[in-house]
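Let's take a walk through a protein model together. Have a look at the sequence and the structure below, then read on.

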Amino acid sequence: MSTSTYNQPDVQPRTADSPRRALLVALGLLFAAAIPPLAIVEGFKLVQAQFGYGGDLAVTYIGGGLLATIAIGLIGVAYNRVRPVTVHVPRWLPTVREGGWIVAGVVVSFVAAILIAVGMQLLDAIPPTNFITAAAAERPVLVYGFALFGVLFIVGPVEEYFFRGIVQGRLREQMGAVPAIAIVSVGFALGHVPSCT
């Protein structure tokens, strides 16, 4: 009995596109998700200054960041309307074993962060700051409160949809899961470099 590729969970039917074209499209999407949001944040700073809030990083972080996130989501939706992509979003509850891995990953991450912070203090190294840390210096409750809510319910889902859904889905059609995940991971990381100040 033969099995078609449609019944296999991780294999997508190949289209007439080539892997090279899929890679170029993915790079174009990653570029489109990096440059316009930067322009939006900079434009928001100019508008913000006109209303007397110039230099208020908390307002820039919340307002500009929210508009930039919406722009990324709209880019994803627009691309998906022009050229539909199969979005790979697994829907299942984790098993007890998977839950253990999740908890272990969180614990290891916290322990690593603490050890790095202690090591930096012992070496008198200056910790790097990013946009959210600088904004929180002015209004910590507002910024961290919005960050918690915004990342969980707005930024996280939009970025997951765009990066994992649209861009990675496009690459998976031609390259398979592993190269798609690797390329999107690098693009996601590079897209967040500008947030470091």
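## The overall layout

The protein chain has six helices and zero strands. Keep in mind that you're looking at a predicted model. If you follow the chain along its sequence, the pattern reads α-α-α-α-α-α.

How much of the chain is buried? Of its 197 residues, 27% count as buried.

Start with helix H3, which covers residues 96-122. H3 has 27 residues, and the distance from its first C-alpha to its last is 39 Å, close to the 39 Å expected at 1.5 Å a residue.

Now turn to helix H5, residues 140-175. H5 has 36 residues, yet its end C-alpha atoms are only 43 Å apart, while a straight helix would reach 52 Å at 1.5 Å a residue. Where does H5 bend? Look at Val151: H5 bends there by about 60°.

## What follows these helices

After H3 you'll meet Asp124, with a positive phi near 55°. That's a positive value in a residue other than glycine. Asp124 sits in the loop between H3 and H4. Is Asp124 buried or exposed? Its relative accessibility is 68%, so Asp124 counts as exposed, the cut-off being over 50%.

Time for some aromatic side chains. A pair of aromatic rings is described by two things, the distance of the centres and the angle of the planes. How many aromatic pairs does the model have? The count comes to four.

One of them joins Tyr61 and Phe146. The ring centres of Tyr61 and Phe146 are 6.1 Å apart and the planes lie at 85°, so this pair is edge-to-face, which takes an angle over 60 degrees. The pair links distant parts of the chain: Tyr61 belongs to helix H2 (residues 57-82) and Phe146 to helix H5, 85 residues apart. Buried means under 20% relative accessible area, so Tyr61, at 15%, is buried. Phe146 counts as buried as well, with 19% relative accessibility.

Phe162 and Phe163 form another edge-to-face pair, with 5.2 Å centre to centre and 90° between the planes. Phe162 is buried, and its relative accessible area is 0%. Phe163 counts as buried at 7% relative accessibility.

## The largest pocket

Finally, let's look for empty space. Rolling a probe the size of a water molecule over the atoms shows where such space is left. The largest pocket has a volume of about 940 Å³. Which residues are closest to its centre? Of the 35 residues that line this pocket, the closest are Glu159, Gly191, His192, Pro194 and Ser195.

Several helices take part in the lining of the largest pocket. Those that give two or more residues are helix H1 (19-50), H2, helix H4 (131-138), H5 and helix H6 (177-191). H1 gives the most, with 10 residues. And what kinds of residue make up the lining of the largest pocket? By class, there are 23 nonpolar, nine polar and three charged residues.

How values were computed: Residues are numbered from 1 along each chain as its sequence is written. This is a predicted model: local features need pLDDT of at least 70, side-chain atom pairs count only at pLDDT 80 or more; totals for chains, interfaces and linings use all residues. Side-chain values use heavy atoms; hydrogens and water are left out. Helices (H or I, at least four residues) and strands (E, at least two) are DSSP runs, numbered from the N terminus. The expected span of a helix is 1.5 Å times one less than its number of residues. The bend at a residue is the angle between axes fitted to the seven residues ending there and the seven starting there. Rings of Phe, Tyr and Trp (its six-membered ring) pair if their centres lie within 6.5 Å; planes under 30 degrees apart count as stacked, over 60 as edge-to-face and the rest as tilted. Buried means under 20% relative accessible area, exposed over 50%, partly exposed in between (1.4 Å probe, protein chains only). On a 1 Å grid over the protein atoms alone, a cavity is a set of points where a 1.4 Å probe fits but cannot get out, and a pocket is an open set with protein on both sides within 12 Å along at least five of seven lines; lining residues have an atom within 4 Å of a point. Grid points are joined across faces, edges and corners, and a volume is the space filled by probe spheres set on the points. Ala, Val, Leu, Ile, Met, Phe, Trp, Tyr, Cys and Pro count as nonpolar, Asp, Glu, Lys and Arg as charged, and the others, Gly among them, as polar.
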